[in-house]
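Reader: Let's go through this one quickly. Can you put the model up first?

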Amino acid sequence: MIWKQIDPNQKYFAATLPAEVQRNMAIEHVKAQQNLLREQGFEPTRQNIRMNWFLGESGGPNFLRRMQENPDAPAYQYA
């Protein structure tokens, strides 16, 4: 069985998984990001999902909210 060969502590563990498993993991992660953004009042656009992934589940919505409040301010102030 393939699961007995997988060590989750291995560096780059996800890259060792079968392609279909990696794809399904990515799909589920995007769905979770979309739900989180909707719950926080944001459209789950590609850009918002990327920002949420990059800054985290609390940092992403915080950054997006502050950008809405003051869109002319430099983005580095919010990260």
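Author: Here, helix axes are lines fitted to C-alpha atoms over the stretch in contact, and angles run from 0 to 180 degrees between N-to-C directions. Keep in mind that this is a predicted model.

Reader: Fine. At what angle do α1 and α2 pack, and how far apart are their axes?

Author: The angle is about 30°. The axes of α1, residues 19-39, and α2 are 10 Å apart.

Reader: Is the crossing of α1 and α2 left-handed or right-handed?

Author: Left-handed.

Reader: Which residues meet there?

Author: From α1, His 29, Val 30, Gln 33, Gln 34, Leu 36 and Leu 37. From α2, Asn 48, Ile 49, Asn 52, Trp 53, Glu 57, Pro 61 and Leu 64. The residues of this contact divide into seven nonpolar, five polar and one charged.

Reader: Take Gln 33. Buried or exposed?

Author: Gln 33 lies in helix α1. Its relative accessibility is 3%, under the 20% cut-off, so Gln 33 counts as buried.

Reader: What does Gln 33 touch?

Author: Ile 49, Asn 52, Trp 53 and Glu 57, leaving aside residues up to four places away in sequence.

Reader: New topic. Which residues form the largest nonpolar core?

Author: Seven residues: Leu 37, Phe 42, Ile 49, Phe 63, Leu 64, Ala 73 and Tyr 78. Helix α2, residues 46-69, gives the largest share, three residues.

Reader: And Leu 64, what does that touch?

Author: Leu 64 touches Leu 37 and Phe 42, plus Asn 48 and Met 51, again not counting residues up to four places away in sequence. Leu 37 and Phe 42 are also members of that core.

Conventions. Residues numbered from 1 in each chain as written. Predicted model: local features only at pLDDT ≥ 70, side-chain atom pairs only at ≥ 80, totals over all residues. Heavy atoms only, no water. Core = buried A, V, L, I, M, F, W, Y, C linked by side-chain atoms within 4.5 Å. Buried < 20%, exposed > 50% of the residue type's maximum accessible area, 1.4 Å probe, protein only. Helix = DSSP H or I, 4+ residues; strand = E, 2+ residues; numbered from the N terminus. Contact = heavy atoms within 4.5 Å. Left-handed = near helix turned anticlockwise from the far one by under 90°. Nonpolar A, V, L, I, M, F, W, Y, C, P; charged D, E, K, R; others polar.
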